[in-house]
Structure formats: C-alpha cells, structure tokens
Amino acid sequence: MTFQADYFDGLSARAKPVLVRVLVDTKQLAFDVEGYTYTFALADLQVQAKLGKAKRLIDLPDRSRLEAADISELEAAMPSKTSAFWRGLHYLENHLGWVLVALLATVFAGWLFLQFGVPKLAEYVAKATPPSMEKKVGEQALQGLDSQIGYFSPSKADPARKTSITAALKHLCDALQDCPQYQLEFRDGGMIGANAFALPGGYMVVTDQIITLSKNDIEIIAVLAHELGHVKQRHAFRQSLQGVLSGLILAAITGDVSSIGSGLPAVLMQMRYSREHEAEADRFALNALQKACLPPKAFADILQRLEAQMREGDGKGKKSANDKSANTTQQQESHDAVSEMLASHPDTLERIKPFLAAKQTCN
Ligand SMILES: [Zn+2]
C-alpha cells in the first residue's frame, strides 16, 4: 500500500515528492529520499486532525514532516489516534446543519446563563460581600446621582414634614423584629420625579415630588416599607452586581465595552427589579404596616395616585395648564421616569388587592 506525499526535512522549505509505503505487517511507514530509506513506526507518527479540505500533515519523530492529499491507506493501517473531539469537529465541518444547531445551542446557553446563572451568581457574590463594602457602593452611587445633572438636587421639602416622616419610619422599624439598617435621604428628584428607592447599603431616597403627591405621612411610610423590603433582601446591590456581571459577560462576547462604561448611576436608573423581588418587597411592606398598626390601604392609595400621575404624564400635552396645582410642571418634567414603585408591575390593581383586603390589626 502506497500514497504520494511531499517530504519536508525540517531544515529547508523545499518539498521533496516521495512515494510512501505503508508496511502493514511490521506496522511501519517507509519512503526513499535521495537514495536513503527512512523508516518510522506507525505508533510514533503524529497525524494531525482533518480540517476541511486541507492537506493532511504527518509529523515524523525526527521533526520532519509529510504532507499528503489522501492518507486513507495510512489511516486504515493506523491505530486511531485522533480523538473523538476532533472527529466530531470534522463531522460538524462537513454538516452545516449541525453547525447551526451548535451555534443556536451556544446562544441559548448564553441566554440561559444571563437569565438565570447571573442572578444566582450575583446572589452569591452579594452574600460574600461585607456590608461595609456594600455601603461604600451605595454611598458612591448616591454621590454620583447627586453630582450628575438632571438627577438629584438638595431637598426643598418642608423640614417639619421631613422630621415627621423620619420619626414615623423609625416607629415602623421599631415595631419590626427584622428591620434592616437603613439611612433615609431626602432629595429633589429632578427628572426622576415622584419616586422612592433603595440604593445598595441601606440608603433609601425619597423625592420631594412623592412627598408632594402623598396625602399624609402614612402613605410615604407605606412606600418606604416597600423599600425597606428591598433593603432587607439587598435587592439593589444584587441588581447592580447583575448589571455589572452581565455587562462584563456581554463585553467579553461582543468586545464592546461601552455597555459597561456608562457608570453606576446609569445602571441604577435603568435598573428594574424582577417581579419576584417586587412581590417580596410588597409582602415585607404589608407585614410591616400591620405590625406598626398602620393602615395597609395607604400603600394602595399612593400606588394608585402614582399610576394616575403617570397616565396623566403620558397624555399631558393635551391638558390645560390650570387644572392642577403648582406641581404640574414638576410632574410634566418627570413623566418619562417611571416610578420604581410601578416599574415591574403592569397590573397595579392586582398588586394592591392584598393591601385593600388586609385589616388594620390594631386601632
Ligand atoms: Zn420595589
């Protein structure tokens, strides 16, 4: 059995055509170059894996090499050295359908990882992060929001109102056995509008606009009870970690780093909690209001008002200027920012049901 090949001696780039003999009995390969016979044991050959239609390469133990178009004679005589992986790869190369299947499977696996793996990963990372570090992250996020134009400016709300809200929140927290550490911050919400949200590290921001929108302190406390639920479960920190992790993964895949260069404030502002997180925070709020002897209905009231305001914002262009009080301009500015309280909940009515159904447990 023989096959044609080019011989490269490893010293010069010049190919020497040879006729290679496959000696099945002695499990050897032999060929003659310029009157000299080279003989190698088949077991010592390194046959490189088949790649497309390229010539097959056979590395010889003395660093010389043979190149041949067809080595089926040799392969038939050789114990198979090519791994299942390379054989599989070669198979795929010649079956485009399977390449597409493999590609789709890769994309799907990536999506699965971003969808389910990253949140789990973020949860583990959050658990392993000391609270002091999380607090630093929150502190920097707040500084970022304070310094960026359009987000926060110092609160102009009535100081007496702020004092009473602070005291009422403390009262609620005192009534709970599992109240997390928090720090309440008041800000003019700018384009964020009527809003309240939890930042990493227990920072809870309440905007002047939502104070204006509320009928009383209890409504603000109801909103803050929901935010305390997010603080308790470290949702904000987990969510920011997810944003950063997903950004890094996407950047690694696409090579586009602009997605992670946009900074933490932007990440936080685009942040949407999962419905699961929102439901968790709602349950915490309902329980907290009941423990503190506050009417759960207050939560339903402010939520409905937030929603009504959002709807109004959507159709504001057609409204006459005098049908609202002085905060109309603020509302108009803020209509494009969806309140944290509503962001992940298309169905407010469904959501407030338990709050309307719950009895105030004490008078
Ligand atoms: Zn929420």
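**View 1. Helix H3 bends by about 40° at Gly117.** A proline, Pro119, follows within four residues. The bend is the angle between axes fitted to the seven residues ending at a residue and the seven starting there. The model is predicted: local features need pLDDT of at least 70, side-chain atom pairs count only at pLDDT 80 or more, and totals for chains, interfaces and linings use all residues. Residues are numbered from 1 along each chain as its sequence is written, and side-chain values use heavy atoms, without hydrogens and water.

**View 2. H3 from end to end.** Its 33 residues should span 48 Å at 1.5 Å a residue, and the end C-alpha atoms, 45 Å apart, agree with this. The expected span is 1.5 Å times one less than the number of residues. Helices (H or I, at least four residues) and strands (E, at least two) are DSSP runs, numbered from the N terminus.

**View 3. The buried residues of H3.** They are Gly117, Val118, Ala122 and Ala126. Buried means under 20% relative accessible area, exposed over 50%, partly exposed in between (1.4 Å probe, protein chains only). Leu100 also lies in H3. Leu100 counts as partly exposed because its relative accessibility is 48%.

**View 4. An open sheet of 7 strands.** The order is E4-E3-E2-E1-E7-E6-E5, with antiparallel pairing. Strands E4 (36-41) and E5 (46-47) stand at the edges; each has a single partner strand, so one side of each lacks a neighbour in the sheet. Two strands pair if DSSP finds at least two bridges between them.

**View 5. E5 pairs with E6 (residues 56-59).** The pairing is antiparallel, over 2 bridges. Val47 has Ile58 in E6 as its bridge partner.
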